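Please read them beside the sequence and the coordinates.

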Amino acid sequence: MTTSDLMAARQLGVHEFLTARGWLLDGDSDPAKVWFANDVHAGWHYPETYGGRYINDVGDTTPVRLQSYFTFGNEGEEVFAIVPAGNLRGSGCAEHDTQEQFFPLTAANGVDLEEIAAVLDTLEPRAQSLDPRELIECRYFGPCGR
């Protein structure tokens, strides 16, 4: 199996895992393409974030949805990332922060879906229950102390 085949299989495996949990693919990219990890718009989001309510997107203001994507780590290695729903990193309180979590590839060059499932079991219900208005107030009127 070529490196390209391994990348496509890894991406499709994550795609199938996330879509089975109700996640949606972002962008116009196909997770079976080798360049998927290089596409800044490629990834997945959890549509039930904020109780499934639609929020107009205003750059650097709108709280972010629960999302995930492939990206590259500090050493240029491919990693899988999850961004919790909430305020942009560093704005507002620690409870509403979106500290990105990185997951290195396994020894078999895959993503540990059991580890990811455990993280999502916590992040998905949290994302569903968050109130975007509360997040915006936290961001602009000071940390809410949570």
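1. The model is predicted. Strand β2, residues 43-45, pairs with strand β3, residues 67-72, in the antiparallel sense, and 2 bridges join them. Within this pairing, Trp 44 has Ser 68 of β3 as its bridge partner.

2. Both strands belong to an open sheet of 5 strands, with antiparallel pairing and the order β1-β2-β3-β4-β5. The edges are taken by β1 (24-26) and β5 (101-104); each has a single partner strand, so one side of each lacks a neighbour in the sheet. On average, and ignoring direction, neighbouring strands of the sheet are turned by 30° against each other.

3. The largest nonpolar core has 24 residues, and those touching the most other members are Leu 18, Trp 44, Leu 66, Phe 80, Ile 82 and Ile 116. At least two residues of this core come from each of α1 (3-20), β4 (78-83) and α2 (113-129). The largest contribution is that of α2, with 6 residues.

4. What does Leu 66 touch, leaving aside residues up to four places away in sequence? Its contacts include Trp 23, Trp 44, His 45, Tyr 46, Ile 82, Val 83, Leu 123 and Ala 127.

5. Asn 109 sits in the loop between β5 and α2, and at 31% relative accessibility Asn 109 counts as partly exposed.

Definitions and conventions
Residues are numbered from 1 along each chain as its sequence is written. This is a predicted model: local features need pLDDT of at least 70, side-chain atom pairs count only at pLDDT 80 or more; totals for chains, interfaces and linings use all residues. Side-chain values use heavy atoms; hydrogens and water are left out. A nonpolar core is a set of buried Ala, Val, Leu, Ile, Met, Phe, Trp, Tyr and Cys residues joined through side-chain atoms within 4.5 Å. Buried means under 20% relative accessible area, exposed over 50%, partly exposed in between (1.4 Å probe, protein chains only). Helices (H or I, at least four residues) and strands (E, at least two) are DSSP runs, numbered from the N terminus. Contact means heavy atoms within 4.5 Å. Two strands pair if DSSP finds at least two bridges between them. Axes are lines fitted to C-alpha atoms, for helices over the stretch in contact, and angles run from 0 to 180 degrees between N-to-C directions.
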